[in-house]
Amino acid sequence: MRADAQKNRRRLVEATIELVLEVGGEPSRDAVAERAGVGIGTLYRHFPDRDSLLHAVARHVLEGTIHAGEALVESVPDGVDALRQYMHMALDNGIGVVNIIHPLLERRDWNDLRVRAGTLMKALVRRATQAGSLRADLSERDIVFALTRFARPLAMGLPADEERALAHRHLDFYIDGLCAAPDSRD
């Protein structure tokens, strides 16, 4: 693929991510093309149907989030800090998009990504709970579902930057709460 075609494809995917998080669902194809600054014909050349666009968006977000998380596991020595950084990075990377568009997809053939994500989540939770500074009963599933909740747009009409700041604030409350001593919780 030529460099300009790759750039247009990336812009279409990124525009779709932004719009899905803004509207809380599937954006119109015209809105995607307009946000990306390309013509509708360019969108259709790259993504001939709705499913191909949404599938590319989901893979893009998942691959980026998993790759960044794998790097954190390797580079951040403190397990709780690695988990916190991962969750914040996933929010910024648009992980909420996957949860919103998942039901819209006809095919969900991400087995390669599921394996990598499962391995990543196990490593993050294991490292975070090993030192005893995080609740021992925390599971990978707890983290995935908490992140799903934080990443979903609120249907309150908040500006995107305000909504994201609020999600990050609540995420920190969550992690801090997981670090609280068991006898200090009611």
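## Aromatic pair

With a relative accessibility of 23%, Y174 counts as partly exposed (buried is under 20% relative accessible area, exposed is over 50%, and partly exposed is in between, using a 1.4 Å probe and protein chains only). F150 has a relative accessibility of 18% and therefore counts as buried. The model is predicted, so local features need pLDDT of at least 70 and side-chain atom pairs count only at pLDDT 80 or more, whereas totals for chains, interfaces and linings use all residues. Residues are numbered from 1 along each chain as its sequence is written, and side-chain values use heavy atoms, with hydrogens and water left out.

The structure holds one aromatic pair (ring centres of Phe, Tyr or Trp, the last by its six-membered ring, within 6.5 Å; planes under 30 degrees apart are stacked, over 60 edge-to-face, the rest tilted). F150 and Y174 form this pair in an edge-to-face arrangement, with 5.6 Å from centre to centre and 65 degrees between the planes. F150 belongs to helix 8 (residues 140–151) and Y174 to helix 9 (residues 160–179), so the pair ties together parts 24 residues apart in sequence. Helices here are DSSP runs of H or I with at least four residues, numbered from the N terminus.

## Charge over a ring

R29 places its charged end over the ring of Y44, at 4.3 Å from the ring centre (for Arg, CZ within 6 Å of the centre and within 35 degrees of the ring normal).

## Helix 1 against helix 4

Helix 1 (residues 3–23) packs with helix 4 (residues 50–75) at an angle of about 85 degrees, and the axes are 9 Å apart (axes are lines fitted to C-alpha atoms over the stretch in contact; angles run from 0 to 180 degrees between N-to-C directions). Helix 1 is therefore roughly perpendicular to helix 4 (65 to 115 degrees).

Helix 1 contributes R9, V13, T16 and I17 to the contact, and helix 4 contributes L53, L54, A56, V57, H60 and V61 (contact means heavy atoms within 4.5 Å). Sorted by class, the contact has seven nonpolar, two polar and one charged residues (Ala, Val, Leu, Ile, Met, Phe, Trp, Tyr, Cys and Pro are nonpolar, Asp, Glu, Lys and Arg charged, the others, Gly among them, polar).

## Two threonines

T65 is part of helix 4 and counts as buried at 1% relative accessibility. Leaving out residues up to four places away in sequence, T65 touches Y86, M89, A90, N93, I95 and L120.

T119 is part of helix 7 (residues 111–130) and is exposed, with a relative accessible area of 51%. The C-alpha atoms of T119 and I66 are 9.8 Å apart, although 53 residues separate them along the chain.

Conventions:
Angles under 35 degrees count as roughly parallel, over 145 as roughly antiparallel, 65 to 115 as roughly perpendicular and the rest as oblique.
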